[in-house]
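Reader: I would like to learn how to read a few features from a model. Can we go through them one at a time?

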Amino acid sequence: MQDVVIVGGSLAGLRSAESLRTGGHDGTITIVGDEPHLPYDRPPLSKRVLSGAWEPDRAVLRRPDDMAAIDVRWRLGERAVALALGDDHDHHDRAVVLDGGDRIGFDGLIVATGATPRRLPGQEEQDHVVVLRTLDDALDLRERIAGGDRRVVVIGAGFIGLEVAATARQLGNDVVVLEGGPAPLVRALGAEMGEAVGAVHADHGVEIRCGVKVEGLAPGAVLIDGGWHEPADVVVVGIGVAPATDWLDGSGLRLDDGVVCRPDLNAGRALVYAAGDVARWHNPLFDEVMRVEHWTNAAEQGALAALNLLAESSGQPTQPYAPVPFFWSDQYERRIQFLGRAGPDDEVRIVAGSVEERKFAALYGRAGRLRGVLGLDMPRQVMPFRNHLLERISWDEALELATGA
């Protein structure tokens, strides 16, 4: 294996390239990225970059000398539009096709194209409606709200929507969040704990309206079911993302809410792997097929996909990716942390602090097993449970450990 192409110029792609080098690959590595920027950190976009506390150079993931040491051929500002895989036994026909017509041949491939924001019908026709996914998105939104005194409507009470709402409020804007589900963060945390986190926003004067059906967009307004016009100077659409797999149509890879992978992140063809938001795989630790859209997953998957690619190329066994998913979110002065997986049928038990204090830890259990741990400003109660989740401890054991009973 001499030539490796990584499609995706963000965190997962960068970690893949670094792991290829540290793992001994001395051939070429080409990274194709549809943005013009070198890899940067996405979590600060909705917080420090959006608030103006950071300028864009603070979000860069590696210093120039460190980036040069990886010895990567960059194809930035170019978009992959097709993938030719040919025969697994003959790599001469393998190529990534770019929007300008160039074909980049490869022996090994890592797909790390991430995800793209979902949009509302007619959104592109409204100048006051934006999304937040890229660095350029963050800078555009910052210019719109930096001066305060704007009416900001956020559609979607997921993590991106609530982080934007918090930052916009701290900049002195009037903010309302519209959510179609029964509670904020309901998909990530469940209704009970989603409402508990949403209460932090109420403390800061942000109204979160749940069960709202958005009918459409109009100049200076959001149209809501029932004929209501919600006035808005700026609308931020945060209704989730879709894995960026359109360019893989017809490639022969299996696509189903992402690139379907084996537990070792192989995408079903020799020397082809996927990592980050675009990868959907069976996590043997939770015995669940999942696609995870968080920083830690992108970093860890990118590294393991590269190591497994090297292992396969040298005839060595590959390793399954069986992590405890972890994510965090900073909103106002609060930090939310979650380990594991939450489900709609989980039993949830607060084991330290309280919702009223805006400081608590809660356990999630299902079928007699600990499934997750949530903390609001309680890192010491959350992080020790990572090993317990790896050990697959029972629900009763988890409660005993948490309460000291």
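Reader: Let me start with one residue. Is Asp71 buried or exposed?

Author: This is a predicted model. Asp71 is exposed, because its relative accessible area is 53% and the cut-off for exposed is over 50%.

Reader: Which residue forms a salt bridge with Asp71?

Author: The general idea comes before the case. Side chains of opposite charge can pair when their charged atoms come close. Here the partner of Asp71 is Arg21, with the closest N and O atoms 3.8 Å apart. Arg21 lies in helix H1 (residues 11–22), while Asp71 sits in the loop between helix H3 (64–69) and strand S3 (73–76), so the pair ties together parts that are 50 residues apart in sequence.

Reader: How many salt bridges does a search of the whole structure find?

Author: The search finds 30 salt bridges. Take Glu78 and Arg75: their side chains meet at 2.6 Å, N to O. Arg75 counts as partly exposed, at 22% relative accessibility.

Reader: And the salt bridge of Arg187 and Glu179? Is each partner buried or exposed?

Author: That N to O distance is 3.6 Å. Arg187 is exposed, with a relative accessible area of 68%. Glu179 is buried, with a relative accessible area of 4%.

Reader: Which residues are linked in a network of salt bridges?

Author: The network links Arg151, Asp174, Glu207, Arg209 and Glu230.

Reader: Now charge on the surface. Which residues gather in a patch of negative charge?

Author: The patch holds Glu391, Asp396, Glu397 and Glu400. Pick Asp396. Its place is in helix H11 (residues 395–403). Asp396 counts as exposed, at 56% relative accessibility.

Reader: Where does Leu271 lie, and is Leu271 buried or exposed?

Author: Leu271 lies in the loop between strand S18 (259–260) and strand S19 (272–274). Leu271 is buried, with a relative accessible area of 9%.

Reader: What about the phi of Ala367?

Author: Ala367 also is not a glycine, and its phi is positive, about 55 degrees. Its place is in the loop between strand S25 (359–366) and strand S26 (369–376). Ala367 is exposed, with a relative accessible area of 84%.

Reader: Which residues of H7 are buried?

Author: They are Met193, Gly194, Ala196, Val197, Gly198, Ala199, Val200 and His201. Just after H7 comes Gly205, with a positive phi of about 85 degrees.

Reader: Last one. Where is Leu285, and what separates Leu285 from Pro44?

Author: Leu285 has its place in the loop between strand S20 (279–283) and strand S21 (288–290). Leu285 counts as buried, at 9% relative accessibility. Along the chain, Leu285 and Pro44 are 241 residues apart. Their C-alpha atoms are separated by 30 Å.

How values were computed. Residues numbered from 1 in each chain as written. Predicted model: local features only at pLDDT ≥ 70, side-chain atom pairs only at ≥ 80, totals over all residues. Heavy atoms only, no water. Helix = DSSP H or I, 4+ residues; strand = E, 2+ residues; numbered from the N terminus. Buried < 20%, exposed > 50% of the residue type's maximum accessible area, 1.4 Å probe, protein only. Patch = residues over 30% accessible without salt bridge, like charges linked within 9 Å, V, L, I, M, F, W, Y side chains within 5 Å. Areas by Shrake-Rupley, 256 points an atom, 1.4 Å probe, with all protein chains shown as cover. Salt bridge = Lys/Arg side-chain N within 4 Å of Asp/Glu carboxyl O. Lys, Arg positive; Asp, Glu negative; His and termini not counted. Charge placed at Lys NZ, Arg CZ, Asp CG, Glu CD.
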